[in-house]
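Hello,

Could you take a look at the structure below when you have a moment?

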Amino acid sequence: MSAHAPEPNLAAIPHLAPDGRASSQITQAGPTAPRQMQLLARALLTPAVALLFIWMIVPLALTIYFSTLHYNLLDPETQQFVGLENFRYFLTDPAFLASLQNTLVLVGSVLGLTILLGIPVALLLDQPVFGRSIVRLMVIAPFFVMPTVSALIWKNLLMHPVSGLFAWIAKLFGATPIDWFNDAPLFAIILIVAWQWLPFATLILLTALQSLDEEQKEAAEMDGAGAVSTFLYITLPHLARPITVVILIETIFLLTVFAEIFVTTGGGPGLQTTNIAFLIYSQALIQYDIGSASAGGLVAVVIANIVAFFLVRIVGRNLEA
Amino acid sequence: MARVATARRVAISTISAWLVGFLIFFPILWMVLTSFKTELEAFAVPPSFLFFHWTTENYATVQERSDYVHHAINSIIIAGGSTLIALLIAIPAAWSMAFAPTKRTKDVLLWMLSTKMMPSVGVLVPIYLIWRDFGLLDSRIGLVIILCLGNLPIVIWMLFTYFKEIPKDILEAARMDGATISRELIYVLTPMAVPGLASTLLLNLILAWNEAFWTLNLSTLQAAPLTVFIASYSSPEGLFWAKLSAASTLAIAPILVLGWFSQRQLVRGLTFGAVK
Amino acid sequence: MKKVHGALLGAAALLLSSPSIAETSLTIATVNNGDMIRMQALTNEFTAKNPDITVKWVTLEENVLRQRVTTDIATKGGQFDILTIGTYEVPIWAKKNWLVPLDNLGADYDVGDLLPKIRDAVSVSGKLYAAPFYGESSMTMYRTDLFQKAGLTMPENPTWDFVIDAAKKLTDKEAGVYGICLRGKAGWGENMAFLTAMANSYGARWFDEKWVPQFDTPEWKKTLSTYVDLMKQAGPPGASSNGFNENLALFNAGKCAMWIDATVAASFVTNPKDSRVADKVGFAMAPNAGLGKNANWLWAWNLAIPAGSKKVEAAEKFISWATSKDYTKLVASKEGWSNVPPGTRTSLYQNPDYLKVAPFAKPTLASIDAADPNKPTVQPVPYVGVQYAAIPEFQGIGTAVGQQFSAALSGSTTVDAALSAAQSSTEREMKRAGYIK
């Protein structure tokens, strides 16, 4: 009932489902699913949708409400309606454009690093390796540690230009140690965050690799395809959807990275490591200016939506079968 | 593995994998080593790898000062509870979107993800006020609710991805053989979804375990998990690297154990190829 | 049967309904410095004397603590019964009537024993709103051995010129010894604490009497450029991300010839367990520029009771115990005099036992005395506070300015650009908050 082994010329069918079973495409479409299943599906989806809806709408409504007020937590008596003033204030902050740029650079770089490194690491872990379980655990371990602790370890035990490990290694080779947080603060933060999220990407990709049909790969090999071809035309398309998921989920988290910045550079030097989340933090919890922080939060949501829109444009195709 | 795994291949893979693993794991190893040093040694130059004065004084201090067990139990309840509840809600949802998708499925998925776009910092005060009015401040339930809702979109997304990998034919074959939907779920779908479930459980448990913003702000004592425990070791005036390392090692210990068990589920060997 | 039943029910009702003379539970939010941790360990002594009170501790890092406590008190969340707050918050919160005035701390509390400047910092209109348990100022710590080798003598009251000159002479980058280590990490309580104090000594001020920011004055320019030049020539690398802890580690490892920072550091650098140079440290006042103000600050951590609390009596008992003379004696008996919480009571500084083990006691006292929160600067100002301005907006303003100055130190922006950015961002905030039109 299933179509048999794939054709030898893999490059000709880049969009076929990776398992090569053409007939499965037809059974997926909604309208042809049995009515009973459709109703059931709808019912199963309802709790999740309902809960998330409440979870979204209540804070959103309150945030919109607060964003129109001049409301400082320390001066609650001076509350008054000010319309769009908070938005104007937040958007005309000289720090805003810099923080927007930093946010995009941070997100883009970490995405790039985690995926470009995550794919080879996942492939490597998929090989027959002696003691594979332990290696897998080692690779996933960075994700276990609390972000603030990771950042502190990197900053003080590894990257410190006087007493850090990297400095010591540099001196061993006669080079001057790099003053990470002085000369390349954003890059240092990118490194730390990428290290933390690499396990996430690796694990999802690795899990996805488990469902890659060995038979296909073997058939390709028997037909003379080299390792690179196999990778490009069988493995990579199979990984298209997981990579998309990794991109989208990581983006959502990376847009609001803040703990690592807070603990290492405090947004500085200057504005070099201030991102939108940190800017909002400095409004909300340093100035206790709830009006401005709410406005900032809404601005962040708008920015995130724009970013997501573009991302979906680029990779969203992969979400469907 | 049907392919012949030559000894040479295994050797190369093993060495490279261990090298990569070691590089990635190194900072954590460094942290664990530091937890056994004195504060003075922790910051010493040149740094000592293994030949320093090993001491357990940091662990003793940490134990004395804060109630590790209490915080650990809270973490287990909060992170575990929120993840399990999220799974319960997400599995049916992901199933329905993966196996009975409609034109709107992609939109629904993206909408779910968008509920996470608001930086937590922006909604701290509204949520704090609501929690205060409902008496949920410093309660485990309050934290479970927030972490569950926060991670729900991620759980759904990940499960959706893994469910999509499962070949329809197997399910169809089962249905053709007369299985009802529930049997289909239990006997056919679940075993194939185990790796996906395991990795989703693990990653989301970790996300909930390390979630520091809400747990710090909405808990005081009773419901305080390990994130609060660690926050008390980061001192503004005084050396604390060794103690922080010890506290951190204690904090990740339960997860390491869980991680060990669950990642062994990510085992290839499910017989996809057997379906003909 | 019914009778027994009834009797049992009656007894149960009696037991359950008896008022809880049993216990008041106090939740204390506190910062995790050494003195507080010690206090936690000694809680049993308090509960032994007051069996009807149980004490629970929530210990957090300073910034997180501040954020948590402020959020709670402003939203009347009621999560804490006793708060640990700094001298920055006390005047602000007292004016908002968020704190209970501490009139009932007991007959033998002896308010008059509190160091006058510290007492001023926690009182509004003569009323005490928080009880200080730990006080600090800042001073110069230096390596007696390095000074001796170079043939220099540190005066008790050094000038900036002397310090700058000495720092340059003592720098030996090859050997990894730097003339002076100073805070550089961005933060209103980090680098700005030091820079504000330094600016005070150079005659600068944050705001004039009309609340106009003063970063465009020659005094601030002199302060910042002196700081940046000094650190370039005599400071350690990575200074722009060094806070108190990083500098402490450097000094303890023997890498700094001088370090101007909190007086509490003295007990760390002279502790042989933590410091490689424990027996080679000397102390002097923070430098001055001859204008009558030293570059030192004033800070205290205090215990306060939120307004509206239902446990005022129990809280007062605890606060009284924790900041009393007896408590100091208790700590001394258990851990030695060098570990008692410093900087709050005059009697401590007259105690020969303390003076014997704390060579830094006298300079600490002199430093605290030299800082006046009510008159912190050479020229008049509309705010109180030595290294901060006790207005709610200061945290945000101080953080932004701190970032700019940290950038000037790291070289990613010039001194002039940093000052101008500080001026415009502060003006913007002050306008928004309504201080200036």
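Buried area is the accessible area (1.4 Å probe) that two parts lose on being put together, summed over both. The size of an interface is often given in this way, as the accessible area lost when the parts come together.

Before the findings, a word on conventions. This is a predicted model, in which local features need pLDDT of at least 70 and side-chain atom pairs count only at pLDDT 80 or more, while totals for chains, interfaces and linings use all residues. Residues are numbered from 1 along each chain as its sequence is written, chains are lettered from A and ligands numbered from 1 in the order in which they are written, and side-chain values use heavy atoms, with hydrogens and water left out.

Chain A and chain C bury about 3,000 Å² between them, and 51% of that lies on carbon and sulfur atoms. Of the area that chain A buries against chain C, 20% is supplied by Leu74(A), Tyr89(A) and Val162(A), more than by any other three residues. Counting contacts (heavy atoms within 4.5 Å), 39 residues of chain A touch 34 residues of chain C.

The rule finds three salt bridges across this interface; a salt bridge is a side-chain nitrogen of Lys or Arg within 4 Å of a carboxyl oxygen of Asp or Glu. In one salt bridge, the side chains of Lys155(A) and Glu246(C) meet at 3.5 Å, N to O.

Which helix gives the largest share of the side of chain A that touches chain C? That is H13(A), with four residues. Helices here are DSSP runs (H or I, at least four residues), and strands are too (E, at least two), numbered from the N terminus.

**Chain A itself**

Chain A has 14 helices and two strands. Of its 321 residues, 60% are buried, meaning under 20% relative accessible area (1.4 Å probe, protein chains only). Among the contacts in chain A with a separation of 6 or more, 68% are between residues 24 or more positions apart.

After H10(A) comes Gly224(A), which has a positive phi, near 100°.

Happy exploring!

Note on methods:
Buried means under 20% relative accessible area, exposed over 50%, partly exposed in between (1.4 Å probe, protein chains only).
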